[in-house]
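Here is a friendly walk through one model, meant to be read with the viewer open.

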Amino acid sequence: PCDGCIPLTIAVAFSCLIHDSFGFSKASTIAPINPRNVCFLHDYETVRGPHFQALFDQVMQQMEGGDDNKRVLIFRGGDESEGTAHSMSMANEGAACQEELLRNDLNLDACETVQLQDHNPMTLEDKIKQFQPNVLWVGSAHGNSFLLRYQTRTSGLDEITARLCGPPSNRRTSPGVLFVGEGAGSVCGGADMAIGYANGDDASAAPEPQFRGMELLGDQSSIFFGNADAIVGNPRFPGCTSVDAMKAQESINVLTPEQVYVWSQNHDDVTSFVMHMGRKGMIEGMQSPRPLVPLFEDDNAAGGRKCQGEPSIDPSRSMQSIGDSEWFEEWDG
């Protein structure tokens with residue numbers, strides 16, 4: 001086994017997790033403090049099966065009420081071919097298939113899809129409030145991460161995600177929402193959008209530059225599903241001149257498409273690990289890292305920060321806001 005691997009079967013691993021051997025604890029009646037629950041994967045079709053189902057159920061159990069009512073809201077972005085009737089039909093068909101797959105596999109109580117390229121950003125928050133999700137499933141395996149990041153920003157989804165998935169510690173009424181980033185969504189959920197280049201995504205698909213992700217794992221950490229050769233020696237990743245140098249930076253975690261990354265932060269207990277679906281759900285790289293600060297702040301006492309890049313490091317932040325969009329003109333009459 002690799003360094004940090006725990007060679008346990010899926011049954012033994014989750015038995016340990018349930019009994020708090022690895023820092024997990026069954027959710028109590030007390031609202032969690034500064035919760036953050038994140039799951040990154042490359043392609044659901046690759047990891048689906050009983051191991052992922054057990055993982056999903058266990059993570060949901062850590063969230064107050066999460067295992068009682070599983071409500072998943074899927075957010076999909078457009079691609080370079082969007083705009084044609086055929087591409088829209090294909091997108092809607094793919095969304096319907098994914099909804100049915102997730103609903104049946106994960107025994108969901110509710111599941112709907114929002115196509116970000118079609119949805120009016122002025123009503124997106126109302127849609128989310130009406131649906132009341134406890135899981136935001138963002139992206140797909142075949143999406144373009146740069147375009148998805150642009151759409152999460154201009155739709156306002158990134159700031160809504162910050163409030164739901166990274167609420168402040170003084171907001172006792174919110175247990176937090178699980179963020180699942182699939183494919184392009186796992187890139188957008190990280191810190192550095194340069195991962196999109198390593199993914200082979202075309203940056204020109206987005207109308208404007210995208211530099212920073214939603215920073216759900218902190219302002220330095222990103223996940224890349226692929227071969228380390230795409231990172232090492234790449235001028236877009238200064239300092240990653242070798243595999244050892246990349247590991248020393250601890251900013252990019254390179255995984256295979258058969259692996260799933262999990263961060264679970266509840267009740268002051270923080271656990272991160274990787275589950276390898278190709279090895280019968282083996283738990284790898286179990287760690288107890290420092291808690292992440294809230295992504296969203298109600299006031300200065302919350303000790304958090306908003307989930308958005310500063311214009312000095314993310315010029316796209318100063319180029320367009322929700323009010324500049326075409327939807328604003330239509331909405332305004």
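Arginine 36 sits in strand β2, which covers residues 36-41; helices (H or I, at least four residues) and strands (E, at least two) are DSSP runs, numbered from the N terminus. This is a predicted model, where local features need pLDDT of at least 70, side-chain atom pairs count only at pLDDT 80 or more, and totals for chains, interfaces and linings use all residues. Residues are numbered from 1 along each chain as its sequence is written, and side-chain values use heavy atoms, with hydrogens and water left out.

Is arginine 36 buried or exposed? Arginine 36 is buried, with a relative accessible area of 1%; buried means under 20% relative accessible area, exposed over 50%, and partly exposed in between (1.4 Å probe, protein chains only). Its side chain reaches the backbone oxygen of leucine 216 at 2.7 Å. Such a polar contact is a pair of N or O atoms within 3.5 Å; within protein, one must be able to donate a hydrogen and the other to accept it, and residues adjacent in sequence count only if both atoms are side-chain atoms.

Leaving aside neighbours within four places in sequence, arginine 36 is in contact (heavy atoms within 4.5 Å) with residues including Cys165, Glu215, Leu216, Trp263 and Pro294. The C-alpha atoms of arginine 36 and cysteine 165 are 6.0 Å apart, although 129 residues separate the two along the chain.

## Cysteines

Cysteine 165 counts as buried at 1% relative accessibility, and cysteine 240 counts as buried at 2%. How many disulfides does the structure hold? The structure holds zero disulfides, a disulfide being a pair of cysteine sulfur atoms within 2.5 Å.

## Two glutamates with positive phi

Glutamate 215, one of the contacts of arginine 36, has a positive phi of about 60° although it is not a glycine. Glutamate 215 lies in the loop between α9 (195-199) and β7 (222-225), and it is buried, with a relative accessible area of 7%.

Glutamate 250 also is not a glycine, yet has a positive phi, of about 55°. Its place is in the loop between α10 (243-249) and β8 (252-255). Glutamate 250 is exposed, with a relative accessible area of 67%.

## Helix α6

At the start of α6, a side-chain oxygen of asparagine 144 comes to within 2.9 Å of the backbone nitrogen of phenylalanine 146. After α6 comes glycine 156, with a positive phi near 90°.

## Helices α5 and α7

Two packed helices are described by the angle between their axes and the distance between the axes. For helix α5 (residues 124-131) and helix α7 (residues 157-165), the angle is about 35° and the axes are 10 Å apart. Axes are lines fitted to C-alpha atoms, for helices over the stretch in contact, and angles run from 0 to 180 degrees between N-to-C directions. On the α5 side, Leu124, Glu125 and Ile128 meet Leu157, Ile160, Arg163 and Leu164 of α7. By class, this contact has five nonpolar, no polar and two charged residues; Ala, Val, Leu, Ile, Met, Phe, Trp, Tyr, Cys and Pro count as nonpolar, Asp, Glu, Lys and Arg as charged, and the others, Gly among them, as polar.

Threonine 161 also belongs to helix α7. Threonine 161 counts as buried at 0% relative accessibility. Beyond its neighbours within four places in sequence, threonine 161 is in contact with Leu136, Gly166, Phe179, Met214 and Leu216.

## Threonine 113

Threonine 113 is found in strand β4, residues 110-115, and is buried, with a relative accessible area of 19%. Its side chain makes a polar contact with the side chain of glutamate 99, at 2.7 Å. Not counting residues up to four places away in sequence, threonine 113 touches Ile74, Arg76, Ala95 and Glu99.

## The whole chain

The protein chain has 12 helices and 11 strands. Of its 333 residues, 53% count as buried. Among contacts with a separation of 6 or more, residues 24 or more positions apart account for 75%.
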